[in-house]
Amino acid sequence: MSGCVGFMKKLVRKKVFTDDNIEDTSLHRCLTTWDLIGLGIGSTLGTGIYIVAGQVAKQTAGPAVVLSFFVAGVASAFAGMCYAEFAARVPRAGSAYVYSYVTVGELMAFIIGWNLLLEYIIGTASVARAWSAYFDSLIDNQIQDFFKKHMPIHLTGFSSYPDLFSFAITLLLTALLAIGVKESTRFNNIFTCINLFVIAYVIICGLFKAKIQNWNLSHDEVPPQAGSGGFLPFGFSGMMSGAATCFYAYVGFDCIATTGEETKNPQKSIPIGIVVALLVISFAYCGISAIVTLMCPYYLVDANAPLPFIFEREGWGVARYIIAVGALCGLSTSLLGAMFPLPRVLYAMGTDGVIFRFMAKVSPRFKTPIIGTAISGVFAGFMATIFDLDELVDMMSIGTLLAYTLVAVCVLILRYEMDEKLPMMNNVISTAKTGQMADKDSGAIKISLLLQPSSDLPTRASSFIAKCCVASMCFFITVFSTFTVLCSTQLEQHQAWAVTVASVLGLMCVLPVLIMYRQPQGQTALPFKVPFVPIIPAASCLINIYLMLKLSSMTWVRFGIWMLIGFAVYFGYGLRNSTEGNRHEMLPQETNINKDDDDETRPLL
């Protein structure tokens, strides 16, 4: 029994940072706030700005694509604010992997890190294929015609030809990332500025050709398959379905959170970078989607190349070449943004020993994670070359949404955590208030703590209550989301039993949030804090879990296979070689004497 307890403790051991080691790094601290803003914008404004707006407008939302992008932007902002607060708390490389390690323990951190690797590998490979395909379309598909003729592949699940051009692009950017982070961000900043200039050109020029009547088409003016016309031709549900698609267009800003050990002032620069990048991205997406639907009736838009189509339709053919330059620049920065975080996560996990330590090797000359950069670049390039990525892209979404969810959960846990630096104050306040109720039943006292905390500062009791509420909230959100996904038809038909069950489950989700709202929060001073806690983190959890459950069953099967491989790595290597595990073994007496404090204490946080 003791062996089982010891094994479980290893799975939940937490990473501890102190004021002495929080800024220790082998990487080069050279990035500024402007570099991070450029990195966040560049990694996100790629295929979404040039393709997704047209697809959602034509197939899902109509002119309400503007609202779809706005709703998706708000949802992404919830996740972005949670990342920003954690970056202010833990300015380290590794993003959500490190955040979960200091909060919920090693096993969950490994799961998040392992899925981030999948997200960035597939993201890099898919953007490389998109770059190759877009460039190939500009030269009349000569590249794919050549390889299909001389090197065809006839295997299910594989590409129809080896895309060696995308492999070369990936290796080129891998070399750039290996040379130095400052050189990489300089390249990113230049191309991002060009992309933003093209987007501004499209919006400003498009305003001269905008026709407000394209947002008010009557039912008789649109074909039967194009909905009912008007601003919401596919209804509110179509707009929300479009928002789910648009949400993935915002994926990429989290790469800013992986720069914690390469930023000059990470605790201020990372939160500012995330917030400003999301504001610029949201404005760009909403502006482009408005221009697309104002210049052309939504049902006529070319879903694959909306911007060139609408300008050629207006007789503005020169815009095609300007847009092509912006698209290639946007895809280049998206590729860099997808590749940039991958070696940083490998570096963080390798440093902690949960994966092979050679992944953490840093070049003494360039101060970059050279081994992780090389391995990730070659592997992503190989996937881009031979695999059919359309069947794998949804797996990337699971890793992203899971990371978003856990970061929101970690924010809630830490916001209500007792400040271990003030134990005497907490004990005095708690004793003074609970002593007044000593003559009451102890069960009544515990129940009263749910809505009337015993202190203005977090105590062990209030912290425990908050953690129970977080666990309950996640459970009921999962049940609620599962029910709404499985019974979506019945809910749309307003069947009484379905609406009743959904309402009850919704109330069960809200109740833990209300109890958390009554608990005292920590007063630690931070450069950035998520406002309206616990509402915003809870809303982020709801959105992310719901979107995860909307993914196909085959996506979950592939995800399961990837996790089996990950567990083999962790239980075969990481569990025995973990840096935190070695630290505990080197201090057995201290760990045993103060094991309760060790589990709860995170000096920095």
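A: In this predicted model, K211 is partly exposed, with a relative accessible area of 29%, a value that lies between the 20% limit for buried and the 50% limit for exposed. The side chain of K211 meets that of E314 in a salt bridge, with an N to O distance of 3.1 Å. This pair links distant parts of the chain: K211 lies in the loop between α9 (181-207) and α10, E314 lies in the loop between α12 (306-313) and α13 (319-339), and the two are 103 residues apart.

The loop between α10 (235-249) and α11 (266-295) holds E261, and E262 is in the loop between α10 and α11 as well. E261 forms a salt bridge with R92 at 3.4 Å, N to O. R92 is located in the loop between α4 (65-89) and α5 (96-101), 169 residues from E261. E261 is buried because its relative accessibility of 3% is under 20%. R92, with a relative accessible area of 12%, is also buried.

E262 pairs with R344, their closest N and O atoms being 2.9 Å apart. E262 is buried at a relative accessible area of 0%, and R344 is buried at 0% relative accessibility.

Key:
Residues are numbered from 1 along each chain as its sequence is written. This is a predicted model: local features need pLDDT of at least 70, side-chain atom pairs count only at pLDDT 80 or more; totals for chains, interfaces and linings use all residues. Side-chain values use heavy atoms; hydrogens and water are left out. A salt bridge is a side-chain nitrogen of Lys or Arg within 4 Å of a carboxyl oxygen of Asp or Glu. Helices (H or I, at least four residues) and strands (E, at least two) are DSSP runs, numbered from the N terminus. Buried means under 20% relative accessible area, exposed over 50%, partly exposed in between (1.4 Å probe, protein chains only).
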